[in-house]
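Morning, everyone. Let me put the model up, and then we can walk through a few local features.

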Amino acid sequence: MTNHKYTELDSLGVVPTGIAGFDQIAHGGIPQNRTTLIGGTAGSGKTLFALQFLANGVEKYGENGVLVTFEEDPEDLVRNVQNLDWHLDEHIDDGRIAVVDVSPVPGEAAISAGKYDLSALISRIEHAVRKTDAKRAILDSVGALFPQVIDSQVVRHELHRLVVALRAMGVTSLITVERADEDGPVARYNVEEFVADNVMLLRNRQESERRRRTVEIVKIRGADHLTGEFPFTIDLKEGLTLSPLATITLSHEAGEVRISSGIGELDKMCHGGPFQDSIILVSGATGTGKTLMASQFMKAGIAAGERTLLLAFEESEAQLVRNAAAWGIDYRGAQEQGHFRIVAEYPENRSLIDHLVRIKQIIEEFKPTRVAVDSLSALERVSNGRSFREFVLGITSHLKSVGAAGMFTNTTDKLMGGESITETHISTITDSIIILRYVEVRGEMRRGITVLKMRGSYHDNEIREYVIGSEGMHIREPFRNVTGILSGSGARTLIDDRAALGELFPDE
């Protein structure tokens with residue numbers, strides 16, 4: 001005999017939330033005709049998540065909805081998100097979203113403890129669902145229904161009645177609940193998560209003097225999902241947006257087209273130049289010419305008629321334009337022609353995920369084929385190791401997805417070189433690494449360059465000398481008879497010493 005109850009469950013579809021990144025970690029969305037509990041502390045974004053789910057239903061998927069509010073006045077809720085361009089007020093006015101207002105009236109006494117019966121509330125919700133032919137419903141925040149109840153079994157029983165009723169109405173619903181702290185129980189009564197079909201947690205932790213919001217799917221009955229916490233931000237253009245890290249896949253194409261780095265000898269060292277879809281890390285101490293190399297990378301793109309983007313986090317736009325002009329690079333003229341764009345901003349102005357979302361928006365709008373970031377080490381100082389690696393993964397994966405070449409600069413801590421924290425975090429993520437080092441030879445400070453790695457291509461292993469002149473970087477012959485350059489402890493070899501002694505005391 002077939003169990004129709006379980007057959008129905010197995011055939012459930014998913015409802016996309018339309019929230020950038022979330023549907024990827026939820027493998028398409030949340031189960032259709034089921035209830036999802038969203039727990040979070042104050043400021044974690046749970047109400048915003050629910051409202052965005054409702055607004056996207058109307059605007060993106062043609063599904064009407066019902067808004068049930070237990071704490072805030074509906075007009076206040078709509079007013080709080082009016083800058084996000086969701087048009088909730090219009091959808092309410094034209095009948096696509098129905099409101100069930102259960103918020104307290106000022107001056108009225110709170111509901112006292114006793115026998116609870118949600119029949120009247122369920123009837124009001126059912127009427128709103130039928131009136132609008134709703135497919136989605138949100139209840140914010142259900143904890144206000146039980147302000148003075150001590151018996152958790154009462155809460156569990158009444159919530160179960162509500163969940164069963166919502167399922168019978170044929171709506172996919174989100175219920176928000178307050179949490180006391182980020183790592184405590186899912187909700188106040190410790191029973192709410194057992195009643196709902198699905199459970200999500202939104203967190204708003206403070207890390208390194210900044211708030212970091214994350215979302216975690218705790219459970220989805222009858223469906224698979226990605227586990228762990230995923231960072232998100234709240235953007236005025238897109239609303240709640242998960243980090244692009246949530247959408248990273250290793251499915252981008254690998255081309256054979258090579259481009260110029262802007263330095264002819266470096267292209268020869270790379271046996272034809274870097275690949276079009278490669279990510280290049282340029283690492284060196286202050287003053288070694290990292291920004292110059294990024295500028296010549298930009299110049300090559302401008303000369304080839306490509307759209308180029310420079311993301312600067314250490315110098316202002318005016319300073320970059322002036323310095324480039326000293327090397328014969330006309331940034332201003334390229335800007336006027338529309339081929340080149342500079343975005344300069346202090347790293348401290350935003351969190352890393354905010355920077356990442358903004359950079360992604362700029363890339364999608366400007367559509368560059370070359371992007372330079374100067375520098376990653378400036379961004380690293382405003383984050384912890386995990387956030388920084390997530391940022392680098394997010395931007396590199398996005399550049400690869402759009403087929404753009406990227407060049408990132410990184411400043412080493414030691415003047416003479418040595419591995420930096422940034423290199424440790426991202427050396428395996430980048431396709432090519434170019435090392436710039438100071439080299440002391442016979443009491444004179446010189447500069448050396450080498451290609452440390454280049455995926456998919458042979459490259460020179462020599463450490464060459466380079467000089468910086470009025471027209472940029474010029475790479476010369478390799479250093480001979482000098483060891484320890486990359487470690488920052490360069491020294492002449494014995495052969496070189498003997499040659500020097502031979503010059504001082506020639507054979508008679």
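Aromatic pairs to begin. Searching the whole structure turns up two of them; rings of Phe, Tyr and Trp (its six-membered ring) pair if their centres lie within 6.5 Å, with planes under 30 degrees apart called stacked, over 60 edge-to-face and the rest tilted. One of the pairs is Phe22 with Phe49, edge-to-face, at 5.1 Å centre to centre and 85° between the planes. Phe22 is in helix α2 (residues 22–25) and Phe49 in helix α3 (residues 46–59), so this pair ties together parts 27 residues apart in sequence. Helices here are DSSP runs of H or I, at least four residues, and strands are runs of E, at least two, numbered from the N terminus.

A caution on source. This is a predicted model: local features need pLDDT of at least 70, side-chain atom pairs count only at pLDDT 80 or more, and totals for chains, interfaces and linings use all residues. Residues are numbered from 1 along each chain as its sequence is written, and side-chain values use heavy atoms, leaving out hydrogens and water.

The cut-offs: buried is under 20% relative accessible area, exposed over 50%, partly exposed in between, with a 1.4 Å probe and protein chains only.

Next, charges over rings. The charged end of Arg136 sits over the ring of Phe53, 4.4 Å from its centre. Arg370 does this over Phe297, at 4.7 Å. The test is NZ of Lys or CZ of Arg within 6 Å of the ring centre and within 35 degrees of the ring normal.

Now the backbone. Most residues other than glycine have a negative phi, and most peptide bonds are trans. Which bonds are cis here? Asp140 to Ser141 is one, with omega near -10°. Ser141 is in the loop between β6 (136–140) and α7 (152–169). Asp374 to Ser375 is also cis, with omega near 5°. Ser375 sits in the loop between β15 (370–374) and α14 (376–380).

Then positive phi. Asn33 has phi near 60°. Its loop runs between β2 (30–31) and β3 (35–40). At 15% relative accessibility, Asn33 counts as buried. Lys367 has phi near 55°. Lys367 lies in the loop between α13 and β15, and is exposed, with a relative accessible area of 58%.
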